[in-house]
Amino acid sequence: MNKKIDRKKILDLILNNAMYIIIALVVIYVAIKRPKFLGVASIINILSLTAAKLPIALGIAGCIVLAGTDISAGRIVGLSSVITASLLTNVSKIWPQLTQALPIPLVLLIVIAVGALIGFVNGFSVAEFSLHPYIVTLSTQLITYGIILLYMQGGTNNGMSLSGMIEPYKELITGTLFKIGTVSVPMYVLYALIFTVIIWFIWNKTVFGKNMFAVGSNPTAAEVSGVNVKKTIIMVFMLAGVMYAITGFFDAARIGSATAATGQNYESDAISACVIGGVSFVGGTGKISGVLVGVLLLQVIFTGLNFLSVSANMLYIIKGLIILIACAIDMRKYLTKK
Amino acid sequence: MSEKNVLLKMEHISKSFPGVKALDDVQLELKAGTVHALMGENGAGKSTLMKCLFGIYHKDEGKIFLDGKEVNFKDSKDALEHGVAMVHQELNQALKRNVMDNMWLGRFPMMDKLPVVSEKKMYEQTMEVFKDLGINVNPKTIMSEMPVSQRQMVEIAKAVSYNAKVIVFDEPTSSLTEVEVEHLFKIINDLRNRGCGIIYISHKMDEILRISDEVTIMRDGKYIATKDSKNVTMNEIIKLMVGREITNVYPPKDNVVGDKYLEVKNLSAEYSKLEDVSFTGYRGEVLGVAGLDGAGRTELLENIFGIATRRSGEIYVDGKRVLNRNSRESIKNGFAMLTEERRATGIFGVRDIQANSTVSSLERYLKGKFMLDDKKMSEATQWGIDTLKTKTPNQKTQIKNLSGGNQQKVIITRWLLTNPSILLLDEPTRGIDVGAKYEIYELILKLAKEGKLVIVVSSEMPELLGICDRILVMSGGKLAGEVDARKTSQEEIMTLAAKYV
């Protein structure tokens with residue numbers, strides 16, 4: 001009898017932590033096969049990529065807490081990225097009349113405004129028309145992509161990739177924060193950390209944050225309890241839009257160029273990271289630490305698979321499986337135990 | 001009566017969950033052609049016992065016999081096919097589908113020649129069962145368009161259509177009005193006469209004594225006693241249930257009614273049934289609202305609180321007009337509203353006690369402009385736990401893990417923390433056990449003594465008579481009358497309630 005219960009407990013423990021176990025196994029396996037995987041350069045590479053993907057995940061996490069989602073995220077990153085690249089260059093083909101780059105803070109404000117605006121459209125449609133976020137953001141995803149393509153046709157650019165951004169901007173984002181040995185840690189790692197702290201504060205220490213969780217958990221009860229449900233939903237999507245815009249602002253410098261394809265499918269990684277980190281689609285639950293861990297773990301797996309020279313085609317299949325397994329494990333927690 | 005043959009026998013049933021022994025050597029013996037009441041406070045193990053019967057939980061120990069043969073159902077469908085059915089407290093139905101779809105779900109009648117579902121057979125067979133039971137429902141109605149009472153009738157009809165020998169009713173009357181209860185009892189009597197065994201779970205004593213032949217009482221997961229309903233009194237049952245004697249069902253009424261406070265003039269709703277309701281409430285008063293299901297009681301509260309669209313009408317507090325256009329404005333104006341359906345519109349299930357307690361009063365815990373003070377929130381939550389004697393492991397427990405009564409106390413805490421002066425309570429004691437009910441009555445009277453106006457909607461008339469000063473009686477969306485709770489009778493209220501039906 002006792003043995004049976006013990007075995008069940010162990011099985012439960014394994015299943016509830018399956019994601020972490022798989023990741024640990026991956027790390028161990030890759031480290032044995034390719035010892036460089038755990039070298040300083042590799043670890044800093046993993047951390048930098050994690051930092052680059054954190055803001056978008058932090059944004060999307062809020063939408064998931066509302067028991068929704070946001071699949072327009074990647075395209076908003078893309079739009080922000082091409083706007084940044086086209087305005088922070090001295091030879092803009094999209095804006096030929098622009099002979100000198102705009103001030104960096106101004107460009108940051110512009111992309112934040114654009115992100116917030118699309119976020120507002122998302123949130124407003126969800127709140128005001130009672131539409132499912134999936135449908136709303138599917139629409140805005142297409143619309144935003146259309147805008148990107150049109151924008152890239154602007155001036156004499158003709159859809160070409162944008163590059164040649166001014167040095168102060170690149171330096172601001174990708175410059176060296178500090179060095180470990182000969183490997184430098186880029187500035188945007190610091191920024192990502194700052195944003196993480198800010199979002200953590202918003203989630204845990206403000207009325208808006210508490211209201212967000214309440215709406216995600218039970219919108220009807222929230223309305224009765226005096227929470228402004230519509231305003232909360234709109235604000236969550238706007239905040240998310242701002243975070244995507246910031247991701248795009250980083251990405252133009254980090255990648256060194258921006259194309260119409262920049263940001264494509266970013267939301268799928270971000271959503272997977274949130275789910276792995278325990279931000280549940282059930283709504284009303286999730287922690288910033290979870291998002292952080294989720295993004296990091298996903299990056300560890302991808303980098304590890306790269307080290308093993310797994311083909312890019314294979315990566316898609318693996319990503320898909322990870323989302324599926326993570327959701328299934330997550331759901332176990334919310335099913336009534338029988 | 002004891003000569004009747006035993007239909008269902010459960011013996012030595014035990015079931016443990018991590019940290020709690022939910023059932024400890026429990027037994028139950030149901031005879032054919034009897035109604036067997038199962039009683040106990042919330043958390044006594046009634047539902048767990050039934051879940052073990054239906055295979056929803058796997059029992060750790062014990063045996064179940066149906067007609068003398070040992071059975072172990074793997075799920076409720078398996079049980080149903082063996083003639084054991086349950087009419088749930090929270091109906092598990094496909095609400096977007098129609099009545100007959102729900103009746104025949106999982107066993108749709110097929111056309112004779114083709115492997116295609118026969119709508120015609122479904123309709124005819126449904127009508128047959130309905131006629132048999134005297135149910136007047138069109139089988140093609142969409143479930144969600146019917147009131148709970150009718151949906152419940154469908155559930156009963158479904159059980160009957162499976163030729164169920166054992167039917168379990170879990171709190172069947174909690175959302176029914178008196179008339180509907182009568183109909184339900186007629187059906188139950190009918191089933192009893194056919195030789196069915198009925199297990200009846202309820203908190204309502206008068207019902208139990210009226211309908212049941214035997215009563216089994218449980219407490220803290222243990223079997224206490226089985227009594228013949230004819231030879232047992234309400235007080236004996238309560239004593240066995242709580243393990244102590246409750247001398248009064250209602251606390252002494254010592255509130256003093258003061259000056260005119262709330263005035264509602266010609267209130268009508270745009271989309272729901274509420275027409276031209278005017279009334280006055282006084283400081284320190286407990287004002288009851290009685291009426292049948294659908295009489296507009298909930299609608300009245302919702303329109304006052306601003307969560308339903310008003311067509312016309314004015315609300316005055318202390319002679320000053322208030323608009324109450326939405327819940328936020330109403331809260332600022334000193335109103336609070338406890339909703340009827342705790343699970344659907346009250347609790348934030350996955351959130352903890354603290355979040356559930358503080359959600360309506362967050363602005364009070366701000367330190368500076370943006371930052372919430374954890375210490376203040378924790379103090380406020382603890383105040384609620386202490387004042388209302390809420391049983392919870394700690395503030396970080398998810399509210400869904402508490403019993404109904406304790407969930408209700410947390411939601412009441414939420415409203416008390418907004419410091420309201422007018423409380424609108426919609427069925428505040430629904431689905432709550434005797435002990436907790438008494439505490440809620442005490443609280444209502446305490447609030448009245450503090451000079452607040454407490455408006456209580458309830459379907460339980462003795463409750464209204466027990467705690468209110470005056471009772472407004474609603475009927476068909478209109479105010480049918482107003483009675484003095486000390487001088488009126490249940491008959492007078494019922495007559496008024498039927499005025500505009």
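Helices, strands and the chain contact in a predicted model

Helix 8 of chain A, residues 187-205, has 19 residues and spans 27 Å from its first C-alpha to its last, close to the 27 Å expected at 1.5 Å a residue. The model described here is predicted. The buried residues in helix 8 of chain A are A:Tyr188, A:Tyr191, A:Ala192, A:Phe195, A:Thr196, A:Ile199 and A:Trp203. Viewed down the axis of helix 8 of chain A, these buried residues fall within an arc of 145 degrees, so they line one face of the helix. An α-helix has 3.6 residues a turn, so residues three or four places apart point the same way. The exposed residues A:Ile194 and A:Val197 are carried on the face of helix 8 of chain A that is turned away from its buried side. The buried residues of helix 8 of chain A pack against several elements of chain A: helix 3 (40-65), helix 7 (167-174), strand 2 (183-186), helix 9, helix 11 (229-255) and helix 13 (288-307).

Strand 2 of chain A, one of these packing partners, also takes part in a hairpin with strand 1 of chain A. The two strands pair in the antiparallel sense over four bridges. Within this pairing, A:Lys179 has A:Ser184 in strand 2 of chain A as its bridge partner. Two residues lie between the strands of the hairpin, and A:Gly181 takes a positive phi near 65 degrees. Strand 1 of chain A (residues 176-180) is hardly covered, since the count of buried residues among its five residues is zero.

Two serines in loops of chain A were also examined. A:Ser309 lies in the loop between helix 13 and helix 14 (312-334) of chain A. Its phi is positive, about 60 degrees, although A:Ser309 is not a glycine. A:Ser309 is exposed, because 7 other C-beta atoms lie within 10 Å and a residue counts as exposed at 12 or fewer. A:Ser92, in contrast, is buried, with 23 other C-beta atoms within 10 Å; the cut-off for a buried residue is 20 or more. A:Ser92 is found in the loop between helix 4 (73-87) and helix 5 (104-129) of chain A. Leaving aside residues up to four places away in sequence, A:Ser92 touches A:Ser86, A:Leu87 and A:Leu98. A:Ser92 and A:Ser163 are 71 residues apart along the chain, and their C-alpha atoms are separated by 9.1 Å.

In chain B, strand 7 (residues 166-170) is mostly covered, with four of its five residues buried. Strand 7 of chain B runs parallel to strand 6 (residues 84-87) of chain B, and four bridges join them. In this pair, B:Val87 has B:Phe169 in strand 7 of chain B as its bridge partner. Five bridges join strand 7 of chain B to strand 8 (residues 197-201) of chain B, and these strands also run parallel. Here the bridge partner of B:Asp170 is B:Ile201 in strand 8 of chain B. Together with helix 6 (residues 178-193) of chain B, strands 7 and 8 of chain B make a right-handed β-α-β unit.

The loop between helix 5 (148-161) and strand 7 of chain B holds B:Asn163. Phi of B:Asn163 is positive, near 60 degrees, in a residue other than glycine. B:Asn163 counts as exposed, with 11 C-beta neighbours inside 10 Å.

Helix 8 of chain B (residues 234-242) has B:Ile237, B:Ile238 and B:Met241 as buried residues. They cover an arc of only 100 degrees around the axis, which puts them on the same side of helix 8 of chain B. The cover over these buried residues includes strand 3 (35-39), helix 7 (205-211), strand 9 (214-219) and helix 15 (434-449) of chain B. After helix 8 of chain B comes B:Gly243, with a positive phi near 75 degrees.

The contact between the chains takes 20 residues from chain A and 25 residues from chain B. On the side of chain A that touches chain B, the elements giving two or more residues are helix 9 (207-217) and helix 10 (219-224) of chain A. Helix 9 of chain A provides the largest share of this side, five residues. By class, the side of chain A that touches chain B has seven nonpolar, nine polar and four charged residues.

Definitions and conventions
Residues are numbered from 1 along each chain as its sequence is written. Chains are lettered from A and ligands numbered from 1 in the order in which they are written. This is a predicted model: local features need pLDDT of at least 70, side-chain atom pairs count only at pLDDT 80 or more; totals for chains, interfaces and linings use all residues. Two residues are in contact if their C-beta atoms, placed from the backbone, lie within 7 Å. Ala, Val, Leu, Ile, Met, Phe, Trp, Tyr, Cys and Pro count as nonpolar, Asp, Glu, Lys and Arg as charged, and the others, Gly among them, as polar. Two strands pair if DSSP finds at least two bridges between them. A crossover is right-handed if, with the strands pointing away from the viewer, the path from the first strand over the helix to the second runs clockwise. The expected span of a helix is 1.5 Å times one less than its number of residues. The arc is that of the directions from the helix axis to the C-beta atoms.
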